[in-house]
Amino acid sequence: MSVYKVVDIIGTSGESWEDAASSALKTAAESLRDLRIAEVVQQDIAVDEGGELTYRTKLRVSFKYEGT
């Protein structure tokens with residue numbers, strides 16, 4: 001039997017939502033083992049005072065839970 005934990009993560013990019021999602025997953029993979037599924041749950045764009053766009057992608061990620 002396996003147990004999985006689910007967490008929400010948010011990635012950002014100045015280029016695209018896809019880059020934001022990829023960045024978030026790569027960073028999460030550095031500290032979470034056995035990533036299983038990433039589901040896009042929200043996308044938005046932040047606009048700063050100078051008009052610069054920041055794409056943000058919120059992901060729901062599951063990974064194998066290993067209790068201590």
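Arginine 56 and aspartate 44 form a salt bridge in this predicted model, and their closest N and O atoms are 2.7 Å apart. Arginine 56 is partly exposed, with a relative accessible area of 35%. Aspartate 44 counts as partly exposed too, at 22% relative accessibility.

Let us turn to aspartate 8. Which side chains does aspartate 8 meet in salt bridges? One partner is lysine 58, at 3.9 Å from N to O. This contact counts as a salt bridge because the cut-off is within 4 Å. Aspartate 8 lies in strand β1 (residues 4-13) and lysine 58 in strand β3 (residues 53-64), so their pairing ties together parts of the chain that are 50 residues apart in sequence.

The other partner is arginine 60, whose side chain meets that of aspartate 8 at 2.9 Å, N to O. Here again distant parts of the chain are linked, with arginine 60 in strand β3 and aspartate 8 in strand β1, 52 residues apart. Aspartate 8 itself is partly exposed, at a relative accessible area of 39%. Lysine 58 is partly exposed at 25%, and arginine 60 is partly exposed at 34%.

How many salt bridges are there by this rule? The count comes to 3, and here they are side by side.

| Pair | N to O distance | Strands |
|---|---|---|
| Arginine 60 and aspartate 8 | 2.9 Å | β3 and β1 |
| Lysine 58 and aspartate 8 | 3.9 Å | β3 and β1 |

Shared partners give a further piece of the picture: salt bridges join Asp8, Lys58 and Arg60 into one network.

Where is aspartate 34 found? Aspartate 34 is in the loop between α1 (17-29) and β2. Its phi is near 60°, a positive value in a residue other than glycine. Is aspartate 34 buried or partly exposed? With a relative accessible area of 38%, aspartate 34 is partly exposed.

Methods:
Residues are numbered from 1 along each chain as its sequence is written. This is a predicted model: local features need pLDDT of at least 70, side-chain atom pairs count only at pLDDT 80 or more; totals for chains, interfaces and linings use all residues. Side-chain values use heavy atoms; hydrogens and water are left out. Helices (H or I, at least four residues) and strands (E, at least two) are DSSP runs, numbered from the N terminus. Buried means under 20% relative accessible area, exposed over 50%, partly exposed in between (1.4 Å probe, protein chains only).
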